[in-house]
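Please walk through the model below from its overall fold down to a single pair of residues.

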Amino acid sequence: MYELPLWEQITLCLQMLDTALIECKQRGAAMVKAEADYYTAKANESFELLEAGYANTYIQTVIKGRPKVCEAMSRYHAAQVEYENAREARLVWKKKLDTLREQYSREWGQAGIGE
């Protein structure tokens with residue numbers, strides 16, 4: 001199997017880290033929007049149930065089973081998972097980049113370049 005030269009691996013890793021950072025930002029924004037939509041759906045359903053005469057203490061239990069709230073909650077949790085995955089990918093690429101940089105420093109140090 002052909003392996004890329006070390007400097008090309010570092011360059012590729014930097015590109016992947018940049019991509020992961022962009023993904024993390026986009027997915028984070030999507031998660032925030034999904035969270036806001038979820039809380040809005042909860043509030044709207046709460047007001048509807050309150051106007052329908054449900055007891056205030058009972059509303060928080062009932063709204064969890066309402067379709068609009070369930071859908072919004074599902075979208076929020078899915079967005080949360082996607083954001084966490086992007087965050088983890090960012091950390092993985094960062095760690096790989098650090099490892100490649102250390103290896104690059106060792107190889108250049110052994111070659112006696114820069115002394």
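Helices (H or I, at least four residues) and strands (E, at least two) are taken here as DSSP runs, numbered from the N terminus. In these terms the protein chain has 3 helices and 0 strands, and from the N terminus on its elements run α-α-α. The radius of gyration of the protein chain, taken over C-alpha atoms, is 24 Å, well over the 13 Å that the globule rule gives for 115 residues, so the chain is more spread out than a compact globule; the rule itself is 2.2 Å times the number of residues to the power 0.38. Along its principal axes, the C-alpha trace spans about 80 × 25 × 20 Å.

This is a predicted model, in which local features need pLDDT of at least 70 and side-chain atom pairs count only at pLDDT 80 or more, whereas totals for chains, interfaces and linings use all residues. Residues are numbered from 1 along each chain as its sequence is written, and side-chain values use heavy atoms, with hydrogens and water left out. The pLDDT, which is the predictor's confidence in each residue from 0 to 100, averages 90 over the protein chain, and 94% of the residues score at least 70.

A residue is called buried under 20% relative accessible area, exposed over 50%, and partly exposed in between (1.4 Å probe, protein chains only). Of the 115 residues of the protein chain, 23% count as buried. With contact meaning heavy atoms within 4.5 Å, residues 24 or more positions apart account for 73% of the contacts in the protein chain that have a separation of 6 or more.

Ser46 is buried, with a relative accessible area of 15%, while Tyr58, at 46% relative accessibility, counts as partly exposed. Leaving aside its neighbours within four places in sequence, Ser46 is in contact with Ile59, Gln60 and Ile63.
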